[in-house]
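This report describes selected features of a predicted model. The sequence and structure are shown first.

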Amino acid sequence: MNNDLAISARGLVKVFNRGQSVRALDGFDLEVKRGTVTGLLGPNGSGKTTAVRILSTILSPDEGTAEIMGLDVVRQSDAVRRTIGLAGQYATVDENLTGRENIRMVAQLTHLTKAAGRAKADELLERFKLTDAGDRPAKTYSGGMRRRLDLAASLVAEPPVLFLDEPTTGLDPQSRNDLWEIIEELVDGGTTVLLTTQYLEEADRLAQDIVVMEKGRVIAKGTPAELKAQLGTTVIEVSFASHELADRASSLLTQLTPKPPIREGSLLELTVENGPKVAADVLRTLDGAGVELLGLALREPSLDDVFLSLTGHRTEEEVANAAPAKRQGRKAKKESAQ
Amino acid sequence: MTASAEVAMEKLSVIERTMWAFRDMRVVTWRNLMASLRIPEAIFFSSLQPIMFVLLFRYVFGGAIPVAGVSYVNFLMPGIFVQTVCFGAVATAIGLSEDMAKGLIERFRALPMARSAVLAGRTTADLVRNIFVLVILTVVGLAVGFRMVNGVVNFILGCIVMIVFAYALSWGFAIIGLKAPNAETAQLMSFPILFPITFASGAFAPVESMPGWLQWFAIHQPVGVVVAATRSLMCGGPYTNTSAVGWTFVWAAVLLVGFSWLAVRSYRKVD
């Protein structure tokens, strides 16, 4: 056992049988050092949520082992549950209870004394700016308030390890920023965090290490800087009137970039280190060959570009469209969990 | 490592574990009851349905159903009580199914609480609700002519007998709540089970009026036994049937052990 590790997983496999069997995790490995933040990136359906659910003892793996602070998630699941906090995209709060009641309920179920639970509720409501709303039923809360309450409830036992499953998905920019600040404070306090996200920006801001998943496996890992270097820093998008023109331009531009341009319909994408210079080269080359373009844009790489670059294809359409909506209930959640 | 993690390292004794399981169950029960109190409409309408049954059978069908020894309303009320507490089990199925869909169960599963507490807290909250509905129904019954002809003590004993049975039954419907894909389906799955067992019993009409094969079923199936036991205690006289009272407790014990084992097993397996 490595004492520096807060989270370690080796060869995790999880197969769901729902009509057809899906390998949600297919040999997943992970190491998270104590006191660090690791971002788990991947599209819907890549297995992020399944990994978090196994590490937080909600699911048991079909194969492989995992430890939290040296405790086995299967054999010592009760001890693991005392060591972790879990907050997620579904903001699992009881809508009919008030914010204060929600926190006190979790405190009691974590076996704090009544007095300690009451004090904890006051403290957490204050810290998460929910004091004024504390005695209102949670169903009257905004999306951002629910996430804050969910996160507050997960911190009742002051867990050394915290799992955040897409904590800001579906939030407006202001709420997202608020939540990021809270998470940063926690990390400053020494909490180890495993964060799943679809946003590169989020991982970039919060995580020291990034692990990229696809189809239940890790396909890349490193610091944000390392991954970006791997990606190139800018994406140039050039659009044309037809895909034949785009094809022609693609063969003309191949020598300008280390990686060949990727064509999607009548759009070309080039991932490059030096955006402005290459953009000028692109214009010169196309102008010289008499190929007319409709538009040209430079942008920062997105998570989609990470995937494009790592896997050679975009995040799969049907997976991306299976975006989970809480209201759709369990079925939708199960799909997204895979 | 934090203090809380160190506590986890200690091995808890069986007694301590049971104590915690009981405390956890109490917390979840409280949560379920609070949630229902926050939706007064649900309480109102769930009480309304049994009241409609009382009025319907007392005044619409009652005149056409001859019964021996007591007035029809005195024959009917024990049956309606049993039917009502059995239908209370639908609330168990729906409630659990909704919790599953909302993801709250996920939070519970990641907490160091007893595995059985989510289910036990649900069935216990529904038991409390059943008692509440029984009180309302008794008042309505008294208003339409029902009398505790065998004494108040026996009436209360009759209520206890059926409540114990209904509690065991609600563990069975907890399994439906865990297996159903959503609350609507949980409800739809519950009715085809509840209608035959509550109506094909002596609840509303004497079993002697039914064809032979149905008579056998109506007498021996669990709800039929509970109806006979309840009527034995509440009406007495020609309806006295002490063996039915004994068999009710046997059924309740068997169903409770079987259903709770199956329910906890499906709860563990839910992914």
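Two strands are taken to pair if DSSP finds at least two bridges between them. In chain A, strand 1 (residues 5–18) and strand 2 run antiparallel and are joined by 11 bridges. Within this pair, A:N17 stands opposite A:S21 of strand 2. The two strands belong to an open sheet of four strands in chain A, ordered 2-1-4-5 with antiparallel pairing. Strand 2 (20–33) and strand 5 (71–72) of chain A each have a single partner strand and stand at the edges, so one side of each is left without a neighbour in the sheet. Helix 1 (residues 48–55) of chain A packs on this sheet and touches strand 1, strand 2 and strand 4 (63–68) of chain A. The direction of helix 1 makes about 115 degrees with that of strand 1 of chain A.

| Domain | Residues |
|---|---|
| Domain 1 of chain A | 5–228 |
| Domain 2 of chain A | 233–300 |

The centres of domain 1 and domain 2 of chain A, taken over C-alpha atoms, are separated by 40 Å.

In chain B, the axes of helix 10 (residues 222–235) and helix 11 (residues 242–269) come within 8 Å and cross at roughly 135 degrees. Helix 10 and helix 11 of chain B are therefore oblique to each other, and helix 10 of chain B passes helix 11 of chain B in a left-handed crossing. The residues of this contact divide into 11 nonpolar, three polar and no charged. Helix 10 of chain B contributes residues including B:P222, B:V225 and B:L233, while those from helix 11 of chain B include B:W247, B:W251 and B:L255.

Conventions. Residues are numbered from 1 along each chain as its sequence is written. Chains are lettered from A and ligands numbered from 1 in the order in which they are written. This is a predicted model: local features need pLDDT of at least 70, side-chain atom pairs count only at pLDDT 80 or more; totals for chains, interfaces and linings use all residues. Axes are lines fitted to C-alpha atoms, for helices over the stretch in contact, and angles run from 0 to 180 degrees between N-to-C directions. Angles under 35 degrees count as roughly parallel, over 145 as roughly antiparallel, 65 to 115 as roughly perpendicular and the rest as oblique. A crossing is left-handed if the near helix is turned anticlockwise from the far one by less than a right angle, and right-handed if clockwise. Two residues are in contact if their C-beta atoms, placed from the backbone, lie within 7 Å. Ala, Val, Leu, Ile, Met, Phe, Trp, Tyr, Cys and Pro count as nonpolar, Asp, Glu, Lys and Arg as charged, and the others, Gly among them, as polar. Domain bounds come from an automatic or database domain assignment.
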